[in-house]
Amino acid sequence: MNHQEPEIVVNHREQLAYLLSEAAEIEHGLMCCYLYASFSLKRHIDEGVTALELEAINRWRITLNEVAREEMVHLALVSNLCTAIGMAPHLMRPNLPVASGYHPSGIFLSLSRLDEATIDHFVYMERPEGVQLPDGEGYAKGDYERPTLPGRLMPNAQDYATVGHLYRGILDGCRSLCATLGEQKLFCGDPRGQVDQKIFALDGLFAITDLASAERAIQLILTQGEGASVSSSAGHYARFVQLQREYQELRKARPDFDPARPVARNPVMRKPPSPEDRVYIDDAAAARVLDFANALYTMIVRLLGRVFGTVEESEAERRMLAGLTVDLMHAMTVTSNVLTKMPAGAAHPGVRAGITFAISRSLDTLPQHEAARRLFCERAHELTARCELLATEVSADLAPVADRLRRLRDRLSASPVSAPVPQQISTQISLPITAEPTVKGEDGIERVTGKRITLAFEAKRCIHSRHCVLNGPDVFLANVPGAWIHPDAASADTVVAIAQMCPSGAITYERTDGEPNERVPLVNVARVRENGPYAFTADLQLDGREPMIRATLCRCGASQNKPFCDGSHNGIKFSATGEPATISTEPLAERGGALAVSPQPNGPLFVTGNLEICAGTGRILHRVTSAKLCRCGGSAKKPFCDGTHARIGFEAD
C-alpha cells in the first residue's frame, strides 16, 4: 500500500461490510456519471461538428459506455462479495451530486456533460495510487478528514485518496479476518445467492465463495479500473487519458470544438432548497420525460435487488429478471438521449435536460418472492402506459421504448406470479404488437421497412456471428417462424449500431428519417479471423459489385459463395491463426480511400489501396497499398499468398 495514504483498518465483519457498501456506492455512482457524460454527446454533423470530430465523439461514446459497463461488473462483484460474507448486496447510494463529507474529500461524484473539466475529473477519479493529479476545474470540494477510529464495535468511515486504495484495504481486511476468524467462517454466505455469467451475461462476473475468488475479484476491479500499472493501456485510467489527449488535439485544431450538447450540470427533479450547482428541470414536457426515465432506472435497481443475494428465486427466474434489466437499460438509454434534446426550463435558457438517476428512499430490496413479482408486473404495466402517452404527446422517438416495454410487460405477465391489471391501465395498453411485412427481392435479399429505417438481410453472406440476435434480440428474433426482423423494436440509432456490428455485411440499412446512412470508414481494415475468414471494413470495391463497407471474404478455399465466406471453414475444420506475427512497417500516408479487391482466377485476393491488416484482436500485422492475400487455405505465409494455390490445383473464379 502506498506509504502516503492512511492505513485502512478492518477489525471485524461489520467494518468490512461497511467498506464494501461504500465501494458499491462509488461504483454505482461512477457508472451513472459516465453514462450521463455519454448521453450528453452530440450525434450528428448538424450539431456543429465536422465528420472527423464526430468520428472521435463516437469513439468516446463507446469508451464511456464500455467503462460504465465495467463499473456494473465491479458493482456485481462487490455484491457477490457482500453475499459471500453473509451480508446483503448494497444497491442504494446517495443522490447526485454527493454531499461533501459523505465520501473522502478526493472522491466527488456529480453529473456533468463531457467537457474538459469532466474529462480531467474522470482521469483523476481513476488514477492509480501514487499518481498526483489535479481534479477537474469545479470539482474540488476542499480538504477534510475521516479519521480511522480503531477499536470501535461500530463501523466507521475511513480516509483513502484513491478507489484503488479502498479496494486494497478491503482485500487486506479479507485476509486479516480469514486469519482471525477462519476462512470458512468469514465466507459463510449461501453459495446459492451468488450470481455468475449463467445468470447475468456480464463478462468478468463470477461467483465468490472463498478468499481466492475474493482476491481474484478485487484484482480484476483494480486492473480494469486504475490499470495494472501506470503504463497499462487496458484500464479506465489509460482509456480516459487517451480520450483526454484526443480532446486536447481537437481543441487545438479548433478552439471552439464542443463534443457535447448543452446539458445541465446536476439536474434535479424538484426545486432544491440550495440551488447552487444544480439545475431544476421545470419545463413541463421535460419534467414528464425525466420522471419516466428515473422510473425506468428505479425498476432496474429493484430487479437487480432480486437477482443478487437471493436464494428464493430459481436460477431460471433470476436469469429472466437479469435479462429484463438489460431491456430496461436500453429503454433508459433511448429515453435519456431524448431528454438531452429538451429544454431544462425558463430559468436556464439554452440548457438541456438530463436524467438524474434519482434514488427513492423506498428503494430497498423487495424481500418477498411472490409480492416482488406482482409489484414488478404492476410497475411494467404503469411504465408501458406512461411511455405510450409520452410517445404520442411529447416525442415520437419514445415509440420504440413503448414497443420494448410492451414485450417486457408481456413476459412478466406470463410468469407464474403476475399482478391483475388495473382496468384503467389495461384499456390503454391493449394495442397489438405488429410486424412490418418482409419483402424478398429477386436478388434474394429480405427487406423490412420500419417507420425510420429499412433493414436488408442477405442470407447467403451471413456467417452467423450472431451480433444481431445477441445485441438486438427484440430487433432480430432468433429461431422463430414468420417475421423475424423488427426495425421499430428499437431506436433507429440503436438499430444502426447493431447493423454495423455485422462483419459480413449481410445486414445493411437505409435510413428514412433524414439521418445519414453508413459512411465509409476513415481507416480501411482487414481483420484476420482465427480459423476463419478475412473481415473487411473499408470503402470496398469488389470486382464490379456495388460498393460495400463490410464483407467477410473466404480464406479457407471451401466456400460455395466465393469470394464471400459461407461458414465452410467450420465444416472442413480449417486451422489458421488469427494472430500472425507483426511485420515491421511504416504508417501509411493515407489510411482510407477506395480499396479494390479482385479475386484472381484460381489464385489469391489481389488488394490495391490503403489497407491496415490486423489480427483478430486488433493488433496491427502489416500496412500495405497492395497485397496478395491467400484464399486457397494452403499458404505457409498466411495471410499472404506464397503460390501454394498453383501447386494444389486450387480452382475459383
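On a 1 Å grid over the protein atoms alone, a cavity is a set of points where a 1.4 Å probe fits but cannot get out, and a pocket is an open set with protein on both sides within 12 Å along at least five of seven lines; lining residues have an atom within 4 Å of a point. The structure described here is a predicted model, in which local features need pLDDT of at least 70, side-chain atom pairs count only at pLDDT 80 or more, and totals for chains, interfaces and linings use all residues. Residues are numbered from 1 along each chain as its sequence is written, and side-chain values use heavy atoms, with hydrogens and water left out.

## Cavities and a pocket

Four cavities of 30 Å³ or more are found in the structure. Volumes are the space filled by probe spheres set on the grid points, which are joined across faces, edges and corners. In the lining classes, Ala, Val, Leu, Ile, Met, Phe, Trp, Tyr, Cys and Pro count as nonpolar, Asp, Glu, Lys and Arg as charged, and the others, Gly among them, as polar.

| Space | Volume | Lining by class |
|---|---|---|
| Largest cavity | About 110 Å³ | six nonpolar, three polar, five charged residues |
| Second largest cavity | About 50 Å³ | four nonpolar, six polar, one charged residue |
| Second largest pocket | About 690 Å³ | eight nonpolar, five polar, 10 charged residues |

The largest cavity has 14 lining residues, and those nearest its centre are Glu-126, Val-163, Ile-221, Gly-225 and Glu-226. At least two lining residues come from each of α1 (13–40), α2, α4 (163–181) and α6 (211–225). Helices (H or I, at least four residues) and strands (E, at least two) are DSSP runs, numbered from the N terminus.

The second largest cavity is lined by Val-9, Asn-11, His-12, Gln-15, Thr-148, Leu-149, Pro-150, Arg-152, Met-154, Asn-156 and Gln-158. Pro-147 belongs to the loop between α3 and α4. Its relative accessibility is 49%, so Pro-147 counts as partly exposed (buried means under 20% relative accessible area, exposed over 50%, partly exposed in between, with a 1.4 Å probe and protein chains only). Leaving aside neighbours within four places in sequence, Pro-147 is in contact (heavy atoms within 4.5 Å) with Asn-156 and Ala-157.

The second largest pocket is lined by 23 residues, with Arg-461, Thr-508, Glu-546, Pro-547 and Met-548 nearest its centre. Strands β4 (445–449), β5 (453–458), β6 (507–511) and β9 (548–553) each give at least two residues to this lining.

Helix α4 has 19 residues, and its first and last C-alpha atoms are 26 Å apart, close to the 27 Å expected at 1.5 Å a residue. The expected span is 1.5 Å times one less than the number of residues. Among the buried residues of α4 are Val-163, His-165, Tyr-167, Ile-170, Leu-171 and Leu-177. Their cover includes α1, α2, α3 (116–125), α5 (183–186) and α6. After α4 comes Gly-182, with a positive phi near 105°.

Helix α11 (residues 399–413) should span 21 Å with its 15 residues at 1.5 Å a residue, and its end C-alpha atoms are 21 Å apart, which agrees. Of the 15 residues of α11, 11 are buried, so the helix is largely enclosed by the rest of the structure. The buried ones include Ala-399, Asp-403, Arg-404, Arg-406, Arg-409 and Leu-412. Helices α8 (284–307), α9 (315–339) and α10 (369–393) are among the elements that cover them.

## Nonpolar cores

A nonpolar core is a set of buried Ala, Val, Leu, Ile, Met, Phe, Trp, Tyr and Cys residues joined through side-chain atoms within 4.5 Å. The largest has 130 residues, and Trp-60, Ile-170, Phe-187 and Phe-357 have the most contacts inside it. Helix α2 (residues 51–84) supplies the largest share of this core, 16 residues. Apart from this core lies another, of 27 residues, including Tyr-534, Val-624, Ala-627 and Cys-630.

Trp-60, leaving aside neighbours within four places in sequence, is in contact with Leu-41, Leu-114, Leu-243, Glu-246, Tyr-247, Leu-250, Phe-257 and Pro-259.

Val-607 is placed in strand β11 (residues 605–615). Its relative accessibility is 0%, so Val-607 counts as buried. Not counting residues up to four places away in sequence, Val-607 touches Leu-595, Ala-596, Val-597, Thr-625, Ser-626, Ala-627 and Leu-629. Lys-638 is 31 residues from Val-607 along the chain, and their C-alpha atoms are separated by 15 Å.
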